[in-house]
Amino acid sequence: MRETGVCIGVDGMIKKRDVAIISAATTRCGEQWDKGIKDLAWEAGVKAVEEAGISGKDIEYLVVGNMSGGMFVGQEHIGALVADFLGLNPIPSLRVEGACASGGIAFFQGYLAVASGLYDIVAVGGVEKMTDVEQEQATTALSGAMDFEWEAYFGATFPGIYALMARRYMHEYGLKRESLAKVAVKNHYHGSMNPLAHFRNRITVEEALNAPMVADPLGKYDCCPISDGAALVILAPLEIAKKYTDTPIIVKSSVMASDTLSLLRRRDICTLDATVNAAEKAFKLAHLERSQVDVIEVHDCFTIAEILAIEDLGFVKKGEGWKLYEEGETYVGGRLPVNTDGGLKASGHPVGATGVKQIVELVKQLRGEAEKGRQVDNAEVGLAHNVGGSGATAVVTILSRG
Amino acid sequence: MAPPAHWRRAKERYRLLGSKCENCGSIYFPPTKVCPKCRRKGKMVQTEFSGRGKVFSYTIIHAAPKTFEKYTPYILALVELEEGPKVLSQLVDCRPEEVKIGMEVEACFRKLFEQDDEGIISYGFKFRPIDDSWRNKQSQN
Ligand SMILES: CC(C)(COP(=O)(O)OP(=O)(O)OC[C@H]1O[C@@H](n2cnc3c(N)ncnc32)[C@H](O)[C@@H]1OP(=O)(O)O)[C@@H](O)C(=O)NCCC(=O)NCCS
Ligand SMILES: [Zn+2]
């Protein structure tokens, strides 16, 4: 039953409502032979519904992020599939796609649905089953995130595109491979304390530097892995959120921006303008400053991407992001804790689920429920940053403790 | 991929063609139908590049999708053409340890890949070093 309706302000315009997250859950990430796409979506969905103490029939609308069910498991029509498997028929349910930002876009859509007053209880999921195909097939599916005709057709791979950014960045700002390795070392360290992470082993700079090359200068430890996983969060208007949880997490803003599909036409290949634009607007709408943010989840599909992210989000000057890794400032306990769950690198990157999984981690952090060693003390404000392709899509979401 | 999907872009890939806006003079690659600066006032026509440019960035691909697997390791270069736009293709006639940012290159017509044993063979531009003089120079740009 609807308890609230579309809000009309004094000026007669539709008024944006405050939105809260009332529950959040993920599956473990990694190679999961015993679970298919339906099992993964079901697992995350059941966990989240149970946590919120709601019944499936309270959910009015479902949005699911999924990049390529068709190429990874031969399954499309993911919106209907997930609604069916969670027993939610006949509510509207759709799948959204924006490559690796599919999950972030799903969250952005769910947020709009509640903020606009059109729906109260909205579930936002993300799911990807990637390991049923061979490595080269997965690489082919992922390369669909680029401009097929002018990048992939000429032999570009996804790691290759980020390698081009990394090489240019090294040339312009003096970055060395050792600093890239430190990003991976930090993320494996955080991941080692996360029971749901894809990788829980700690690594050293030497191990990272000596691993096989994938796309020079990026080696295996500069890349995120290919993971299976799912995540789901439930949104509600803030005014009724307390009914479901004592610790609602407020969505201060969720903003998406786009840029040229291919790297070829970017203003600067060492900057993701979509991130810059989304972040500027997200901070403005949230009425917050960078200095008020306690913990961030950024899109580290490759080590270079994490460095670009903290710069483009405005936490550090362009060309200087890597210096924070020299000083250990991005660990829990540092000045800017980044990817406390291990990031895409260690916690895993089930592409369509990642944007939602990042939100789940922030909810954990802001509730003070992360495992010992990776909980940021008294975290009040968190930011999630999800990227599609080489930066053609970016979603920035800012959350705060209720 | 069916033959029309290759054929449709063949002219642009064989001759390295881009788009030029006759309203503001901007040149674009990949070919496009809209000038983001002029939008409806723009008038796009095809333009041919000289094919000369400099390596803006590069990588050596070790893990490739099936179609390119047998060519690994290969150099993939982002080339800034002398007309301004950037294009991406393989750099050939050059060893991986020789490539440098700023190196002068020119387009050449090559086989890009074979789809499978009986499938279509794709052709298009790749790049090669213009001459050997860069070998003696320090990396510039
Ligand atoms: C990096 C990559 C090429 C490695 O592939 P691979 O060498 O074929 O990996 P395999 O699956 O054969 O695994 C070999 C071993 O390396 C490990 N491994 C795989 N990827 C790894 C990674 N990224 N980091 C660390 N270890 C990794 C595996 O767990 C496995 O370990 P085990 O032998 O102890 O079981 C692959 O993970 C990849 O393509 N990643 C990028 C994914 C991507 O582009 N995502 C989209 C980005 S937005
Ligand atoms: Zn124009």
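Helices (H or I, at least four residues) and strands (E, at least two) are DSSP runs, numbered from the N terminus. With that settled, I opened the notebook on chain B.

**Setting up.** I noted that this is a predicted model, where local features need pLDDT of at least 70, side-chain atom pairs count only at pLDDT 80 or more, and totals for chains, interfaces and linings use all residues. Residues are numbered from 1 along each chain as its sequence is written, while chains are lettered from A and ligands numbered from 1 in the order in which they are written.

**Chain B overall.** I found two helices and eight strands in chain B. Read from the N terminus, the order is α-α-β-β-β-β-β-β-β-β. I boxed the C-alpha atoms along the principal axes and got roughly 45 × 45 × 20 Å. Of the 141 residues in chain B, 36% are buried (20 or more other C-beta atoms within 10 Å of the residue's own, with C-beta atoms placed from the backbone).

**A sheet in chain B.** Next I traced an open sheet of three strands, ordered S2-S1-S3 with antiparallel pairing. Strands count as paired if DSSP finds at least two bridges between them. The edge strands are S2 (27-28) and S3 (44-48) of chain B, each pairing on one side only. S1 (residues 17-21) of chain B is joined to S3(B) by five bridges. I looked up one partner: B:Gly18 bridges to B:Thr47 in S3(B).

**Two helices in chain A.** I then turned to H4 (residues 102-115) and H14 (residues 351-366) of chain A, whose axes come within 5 Å and cross at roughly 55°. Axes here are lines fitted to C-alpha atoms over the stretch in contact, and angles run from 0 to 180 degrees between N-to-C directions. By class I have seven nonpolar, six polar and one charged. Nonpolar covers Ala, Val, Leu, Ile, Met, Phe, Trp, Tyr, Cys and Pro; charged covers Asp, Glu, Lys and Arg; the others, Gly among them, are polar.

**Ligand 1.** Last, I checked ligand 1, which lies between chains A and B. It is surrounded by 17 residues (C-beta atom, placed from the backbone, within 6 Å), and A:Cys100 and A:Phe158 are among the closest. H5(A) gives the largest share of the shell, three residues. The shell divides into 13 nonpolar, three polar and one charged.

Key. Buried ≥ 20, exposed ≤ 12 C-beta atoms within 10 Å, placed from the backbone.
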